[in-house]
Amino acid sequence: MKTAYAIALCLLITFSVLQGWLVLGVASAVLFSLYFNTAFLIPLAILIDGYMGSFHSVPMLSLAIVAWYGFVEYLRPRFANYSSA
Amino acid sequence: MKVRLRHNSSRKKTTQVIIISVIVITVGMMIPKAISIVAATVMLPVHATNIWLESSSSLIPSFVRDRQSLEAEIKSLNNELIVSKSSSLTQQRMIDENNRLRHLLSVDGEARVAASVVARPDELPYDFLQIDRGSDHGIEVGSPVFVGPDIVIGLVVHTAAAYSFVEMITTAGFEATSFISGPNVVAVLEGLGGGVARVRVPQGIPLSVGNLVYLPSIEPGVFGRISRVENEPTQPEQYGYISPDIAISGLFQVSVGKLSQISHSATEIDEQVIRIMNSNLLIEPDVIDYEATSTDKEVVTDES
């Protein structure tokens, strides 16, 4: 069941980015990061950038997701310490 | 202690993921450029050779281009030849069928008189011909003159005992009703002299080079094909010029048909019908035998 939710969220993020619904896409990505491993968003972002042809210049989405992954992983232990405290 | 170890391993794992992602993204950014450089390097000699062959004026490219264009022309001519062969086969079949049908209907070709051309327009005024057959050979004024089996060129206008004069359809002032196949319209054909005639049709009729022109009053009466169309959009009419396939100076032998081949106009037919009607209503002044209805015939006969 958890896998199904993860897949559904990935699909929602993909369609949102492709359709230009950035608010929905960002919200879905944040939700995904809360419940699942953010690392799975990196290959998704690379694929979307490849589809859009962004690798001819700078693939902003991929770099943004990598930065988001680092940010989430930086914050996760602090939230864990805070909740345990 | 455990928490610190887990925290360190988690940080290490995060760092590894970030580094690998950045490497993958960097490689992905370099791949299109690398492929385009490789492709350009590999394709450059091919592209340069192609441009040299297409646009250079040197000996070898010119030879190659000429050869390619000649091959294409040979191919298209072969196609045209195949099409014309099949057309001629169709034409021959239709001619055979026409002859067969004529034979079935007992409409055989009428006997014609062969004649040689003894004088031509360069020796005679206007577009006239002199032939070496006359009334002694069965030539009549008004008989159509043919070149080949069905191409009519003129009418006999004067006969002597041993020669005749033929007025060609192209002579200036000659007018005839013609039928143009293709647009399938009836038009007036007028001679212009010098072996040229023209048809006059209104604008909007799709007249084109190659349309056959018939003279319906003469059977069979193919005159020729339209060789030039003169169409000025500001003029109400357009003209189609017809030059017979055989030049006048090249006419050597012709055949003269019978007067019966020329059909009469509707006016002439009406006049003839009225003449017949007028003579049919005329009662001959014969003695009429009287016959009484109440008396026996034998008694009447005896008494008379």
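Which way do H1(A) and H2(A) run relative to each other, roughly parallel or roughly antiparallel? I first noted the ground rules: this is a predicted model, where local features need pLDDT of at least 70, side-chain atom pairs count only at pLDDT 80 or more, and totals for chains, interfaces and linings use all residues. Residues are numbered from 1 along each chain as its sequence is written, while chains are lettered from A and ligands numbered from 1 in the order in which they are written.

Entry: the helix pair. I looked up the axes of H1(A) and H2(A), residues 22-35, and they come within 8 Å and cross at roughly 155°. (Axes are lines fitted to C-alpha atoms, for helices over the stretch in contact, with angles from 0 to 180 degrees between N-to-C directions.) H1(A) and H2(A) are therefore roughly antiparallel, a label for angles over 145 degrees. The residues in contact (C-beta atoms, placed from the backbone, within 7 Å) include Leu9(A) and Leu12(A) of H1(A), and Leu24(A) and Phe32(A) of H2(A).

Entry: H1(A) itself. I checked its length: 18 residues, 2-19, at 1.5 Å a residue should span 26 Å, and the end C-alpha atoms are 26 Å apart, which agrees. The expected span is 1.5 Å times one less than the number of residues. Just after H1(A), I found Gly20(A) with a positive phi of about 85°.

Entry: the whole chain. I counted 4 helices and 0 strands in chain A; these are DSSP runs, H or I of at least four residues for helices and E of at least two for strands, numbered from the N terminus.

Entry: the partner. Chain B brings 11 residues to the contact and chain A 14.

Methods:
Two residues are in contact if their C-beta atoms, placed from the backbone, lie within 7 Å. Angles under 35 degrees count as roughly parallel, over 145 as roughly antiparallel, 65 to 115 as roughly perpendicular and the rest as oblique.
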